[in-house]
Amino acid sequence: MKNHWETRLKQVAKDYEQNKSVFLRTKSISKSMHPNIDQLAQRYWNVIQKDDEFLSAAKSLSKESYGSPLRFSKHPDISPVTVQHLFHIKEMSDKFGFFVPDSEINHVTDVGGGYGNTCRLFFELGFTGKYVIADFPEVNAIQEDFLTHHKIKAYYEDNIKNKGLVPDKESKSLLLGTFSINEMPLSERKHLEEIYREFDYLCIVHNLVFDDIDNVKYFADLKKELSDEYDVQHYKDPHKGQGSYFFIGKRK
Ligand SMILES: C[S@@+](CC[C@H](N)C(=O)[O-])C[C@H]1O[C@@H](n2cnc3c(N)ncnc32)[C@H](O)[C@@H]1O
């Protein structure tokens, strides 16, 4: 049986090719990468507003227009998904104890990077290192167009098995996987299980169940597996009604 992404990929590629100027409004891409989550974004925004550093970071972002993004009701220059991505960056920054985009971290591997928006935010917020996005080739093509438009040079890997995901030994590295690893079959996740220990920092955001896989158990087991070498915090996002979890790890 085909998994969720194998089924969806063809439609994503077709919607993108036929509607480049408004690709974020197409059904398949909006549903999977740019959903209308205004109410959730308002809850995240309330948290962001209480943090001066993040509020000014949010306000410093460029006005979004490429691909016809949705407009966040409280701050229409940015989209609801950007608020969610900012919240992910805030959550890991709080847990690591520093503002992640502008920090000692100089290598990011973003597994399943959507249309490249988190990468854009990293660079707009001060990142100057190497940013690798691992995804399907069809989605890499969308990311590359989006990031090139924003004058951002990223590195693209079209398979999570590729060696290019692994950081150089000298770098300070972060593996990021927001709502992506939780959408992979277990056979694909095995390849990532082999490389987690190459990274200094880990930030995964996951939902509860996907394609019949119990993600809460899967990531609780991963925490146990890595706990000899990493301090991992695995907890429910209190702002998200239908349930999602953060898995944030730091080498001891
Ligand atoms: C729901 S989107 C999340 C996008 C983004 N990380 C975010 O938080 O908005 C899932 C992403 O994971 C990618 N993905 C899913 N399965 C994958 C696989 N087996 N290998 C590589 N990328 C995959 C999808 O193409 C997509 O970019």
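Axes are lines fitted to C-alpha atoms, for helices over the stretch in contact, and angles between N-to-C directions run from 0 to 180 degrees. The model described here is predicted.

**Helix pairs**

On that basis, helix 5 (residues 80-96) and helix 6 (residues 117-124) pack at an angle of about 60°, with 10 Å between their axes. The crossing of helix 5 past helix 6 is right-handed. From helix 5, the residues Val81, Thr82, His85, Leu86 and Ile89 take part, and they meet Asn117, Thr118 and Leu121 in helix 6. Sorted by class, this contact of helix 5 with helix 6 has four nonpolar and four polar residues, and no charged ones.

Helix 5 also has a contact with helix 3 (residues 38-49). Here the angle is about 40° and the axes are 9 Å apart. Helix 3 and helix 5 are therefore oblique to each other. Helix 3 passes helix 5 in a crossing that is left-handed. On the helix 3 side the contact holds Asp38, Leu40, Ala41, Tyr44, Trp45, Val47 and Ile48, while helix 5 supplies Pro80, Val83, Gln84, Leu86, Phe87 and Lys90. The classes in the contact of helix 3 with helix 5 are ten nonpolar, one polar and two charged residues.

The crossing of helix 1 past helix 7 is left-handed. Leu9, Val12, Ala13 and Tyr16 of helix 1 make the contact with Glu138, Val139 and Ile142 of helix 7. By class, the contact of helix 1 with helix 7 has six nonpolar residues, no polar ones and one charged.

Seven strands form an open sheet in the order 3-2-1-4-5-9-8, and the pairing is mixed. Strand 3 (155-157) and strand 8 (230-236) stand at the edges with a single partner strand each, so one side of each has no neighbour in the sheet. Direction ignored, neighbouring strands of this sheet are turned by 15° against each other on average.

| Strands | Sense | Bridges |
|---|---|---|
| Strand 1 and strand 4 | parallel | four |
| Strand 5 and strand 9 | antiparallel | seven |
| Strand 8 and strand 9 | antiparallel | seven |

Individual residues place these pairings in the sequence. Aspartate 110 stands opposite leucine 176 in strand 4. Tyrosine 201 stands opposite lysine 250 in strand 9, and lysine 236 stands opposite tyrosine 245 in strand 9.

**Helices on the sheet**

Helix 5 lies across strand 4, strand 5 (201-207), strand 8 and strand 9 (244-251), and runs at about 40° to strand 9. Helix 9 (residues 215-226) packs on the sheet as well, where it touches strand 5, strand 8 and strand 9; the direction of helix 9 makes about 160° with that of strand 8.

**The ligand shell**

There are 17 residues around the ligand, and those that come nearest are Gly112, Gly114, Val139, Thr178 and Ser180. The shell around the ligand divides into eight nonpolar, six polar and three charged residues. Val139 of helix 7 is also one of the residues in the contact with helix 1. Thr178 lies in strand 4 (residues 173-178), which pairs with strand 1 (residues 107-111).

Terms used: Residues numbered from 1 in each chain as written. Predicted model: local features only at pLDDT ≥ 70, side-chain atom pairs only at ≥ 80, totals over all residues. Helix = DSSP H or I, 4+ residues; strand = E, 2+ residues; numbered from the N terminus. Left-handed = near helix turned anticlockwise from the far one by under 90°. Contact = placed C-beta atoms within 7 Å. Nonpolar A, V, L, I, M, F, W, Y, C, P; charged D, E, K, R; others polar. Near = placed C-beta within 6 Å. Parallel < 35°, antiparallel > 145°, perpendicular 65-115°, else oblique. Pairing = 2+ DSSP bridges.
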